[in-house]
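Open your viewer and let's take a short walk together. Keep your selection tool handy.

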Amino acid sequence: MSVIAVQGAAGVDDVPGLGRLGEQAELRFATTVDELHRALAGADVMLGWDFAAGGLDQAWEVAGDLRWVHWCGAGVDAMMFPELAASDIVLTNSRGVFDLAMAEYVLGFILGFAKRFPETQLLQSQGVWRHRLTRRIAGASVLVVGTGSIGREIARLLGAAGMMVSGVGRTARPGDGDFIAIHSSDDLDNALGSADYVVAIPPLTAHTVGMFGAAQFAAMKPTARFINMGRGRLVDEAALAAALESSDIAGAALDVFETEPLPEASPLWAMANVMVSPHMSGDYEEHLEDVVALFAANFERYQAGQPLVNVVDKVLGFAAG
């Protein structure tokens, strides 16, 4: 019988739907590094449940029986460390679970800017009746930086709303069913100049840390809005704040930050042209059940000796295909 160590959960009630695997595997739970040491001894599978908890790197010396680690998020940067990357352990993620919810969130941010919803809410709270003109989003240009499954779902939804969506990926290639065109990441600065909205959703890797800084914001149109859905460390937040303050760009919508929670002293809180949300874009009401369902289906494949889905390339840092 397999032993599944569940990192970041105190018991089966914390992981909706996991109890159904209790007859097929021994379930162990850990919320601290000491508990994870005990849970990993002899475990062949680890379910990483809490990205804030971490701990596998600190319990690595007792993880000699591990064969497979599944991570509950789409991005695996919180889980990756050199020993895991160099090992034969298969790492999978929850690619696909969050795609549509995050695409809807991006559409909501764009509609918020175009239809001036934050201003409407503010005026309502003040009891002010003020007619205003808004913008249509149909025909507006969007550059989605990151052409994985989430980026493609964003492109499909925005395209269905009449927006003109291009992408930025590792290599340039002709347009496909989702993007008008895909630019190389080396050509990012040139591609930024034609976009009304820039959506950042690449995986966080050594190549993407800090990819949006002063030069990139200077390359954008002064009427453009920047939307970060990936990771906070993709962005130089000081450069972003400066670009917003000087009107080098028109606004930003941010779901992720360099430090989370966003510190009270951050100037981003008080900027009228910024929307801040607390890293929640993919977290819809049933998402935990859907993550467990994905893991359970993969566990059936694992027990049957079949190839797992969503296998992460530990060199590139994401699951491809």
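Predicted model: local features only at pLDDT ≥ 70, side-chain atom pairs only at ≥ 80, totals over all residues.

Start by selecting Glu26, which is partly exposed at a relative accessible area of 36% (buried means under 20%, exposed over 50%, partly exposed in between, with a 1.4 Å probe and protein chains only).

Residues are numbered from 1 along each chain as its sequence is written, and side-chain values use heavy atoms, leaving out hydrogens and water.

Next, select Lys221 and Asp196, a salt bridge with closest N and O atoms 2.7 Å apart. Lys221 lies in the loop between helix H7 (214-219) and strand S11 (225-228), and Asp196 in the loop between helix H6 (188-192) and strand S10 (197-200), so the pair ties together parts 25 residues apart in sequence (helices are DSSP runs of H or I, at least four residues, and strands of E, at least two, numbered from the N terminus).

Now show the open sheet, whose 5 strands follow the order S2-S1-S3-S4-S5 with parallel pairing (two strands pair if DSSP finds at least two bridges between them). Strands S2 (25-30) and S5 (90-92) stand at the edges, each with a single partner strand, so one side of each lacks a neighbour in the sheet.

Finally, zoom in on Leu47, which stands opposite His70 in S4.

Methods. Salt bridge = Lys/Arg side-chain N within 4 Å of Asp/Glu carboxyl O.
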